[in-house]
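The tour goes from one selection to the next.

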Amino acid sequence: MFDGRDTIVMFDKLAYEDLLPVLWRAQPAPVAELKAQHFAERNLRVLQACNALEEHGRLEKADEESPHSADIMRLDLKLNLLLDVVGQLLAASQERAEPRQIRFNAMGAHFAWPQVLAPGAHGVLEITLRDIIVQPLHLPAEVVGGTPAGEVRVRSLALGETVADHIEKLVFRRHRRKIAGARQQSAGK
């Protein structure tokens, strides 16, 4: 049974952890309101696209009462394969940030970075959620801590309520999937 020991929490909220392309773009000051709104609109589209791909990628149990359920499942699998191939081609043709260990939620992020970033420094954290989604999230943030070993902790600024809600939903879905995977592994033993 899942005991919650692998639950990742950051800033007292559930967080998502993965190896993702991450880039920190330093800014001389906090992002202006108009630019933050522009980022929020783009981030919302990225999160909605990620949500649609994750919903599409789930395999449902075949409905024996539907005469075409097996055909639909085969088409679904083929479409998923096609999306994966297109995503790999897009990733290969686009210059991407280096994948780094990152933990994030709507409140902020904790990630590996080769340079020491001073607390109080402002910037935009770019996180590419999936290869097939070319556009990364652009999260205005402020550095709140770090270590000489190259770990940085930032707090999100001016995300917008809708974007923050979508990030929290993404984090929750990933956490739920992790719990389900842990339960399936323990049931299979």
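Which side chains meet in a salt bridge with an N to O distance of 2.6 Å? Select Glu-126 and Arg-25: their side chains form that bridge. A salt bridge here is a side-chain nitrogen of Lys or Arg within 4 Å of a carboxyl oxygen of Asp or Glu. Glu-126 lies in strand E6 and Arg-25 in strand E3, so the pair ties together parts that are 101 residues apart in sequence. Glu-126 counts as buried at 11% relative accessibility, while Arg-25, at 43%, counts as partly exposed. Buried means under 20% relative accessible area, exposed means over 50%, and partly exposed is in between, with a 1.4 Å probe and protein chains only.

**Before going further**

This is a predicted model, in which local features need pLDDT of at least 70 and side-chain atom pairs count only at pLDDT 80 or more, whereas totals for chains, interfaces and linings use all residues. Residues are numbered from 1 along each chain as its sequence is written, and side-chain values use heavy atoms, with hydrogens and water left out.

Colour the model by pLDDT, the predictor's confidence in each residue on a scale from 0 to 100. The protein averages 83, and 87% of the residues score at least 70. Confidence is highest in E6, at a mean of 96, and lowest in H2, at 74.

**The whole chain**

Switch to a cartoon view. The protein has three helices and eight strands, in the order β-β-β-α-α-β-β-β-β-β-α along the sequence. Helices (H or I, at least four residues) and strands (E, at least two) are DSSP runs, numbered from the N terminus. Of the 189 residues, 35% count as buried. Among contacts between residues at least 6 apart in sequence, 72% join residues at least 24 apart; contact means heavy atoms within 4.5 Å.

The accessible surface comes to about 11600 Å², and 55% of it belongs to carbon and sulfur atoms. Accessible areas come from the Shrake-Rupley method with a 1.4 Å probe; for residues, only the protein chains shown count as cover.

**The other salt bridges**

The structure holds three salt bridges. Select Glu-17 and Arg-103 for another of them, at 3.0 Å from N to O. Glu-17 lies in strand E3 and Arg-103 in strand E4, so this pair ties together parts that are 86 residues apart in sequence. Glu-17 is partly exposed at 31% relative accessibility, and Arg-103 is partly exposed at 25%.

Then select Glu-98 and Arg-100, whose side chains meet at 3.7 Å, N to O. Arg-100 is found in strand E4 and is buried, with a relative accessible area of 15%. Show its surroundings: leaving out residues up to four places away in sequence, Arg-100 touches Asp-18, Leu-19, Leu-20, Val-22, Ala-112, Trp-113 and Pro-114.

Centre on Phe-104. Apart from neighbours within four places in sequence, its contacts include Met-10, Tyr-16, Leu-20, Ile-127, Leu-129 and Val-171.

Move to helix H2 (residues 69-93), where Leu-79 is found. Leu-79, Leu-82 and Val-86 make a nonpolar surface patch of about 240 Å². Patches are made of residues with over 30% relative accessible area and no salt bridge: like charges are joined within 9 Å, nonpolar side chains (Val, Leu, Ile, Met, Phe, Trp, Tyr) within 5 Å. Leu-79 counts as partly exposed, at 38% relative accessibility.

Leu-83 also lies in helix H2 and is partly exposed at 25%. Draw a distance from the C-alpha atom of Leu-83 to that of Leu-53: the two are 30 residues apart along the chain and separated by 9.0 Å.

**Last stop**

Select Ala-158, in the loop between E8 and H3. Ala-158 is not a glycine, yet has a positive phi of about 50°. Ala-158 is exposed, with a relative accessible area of 52%.
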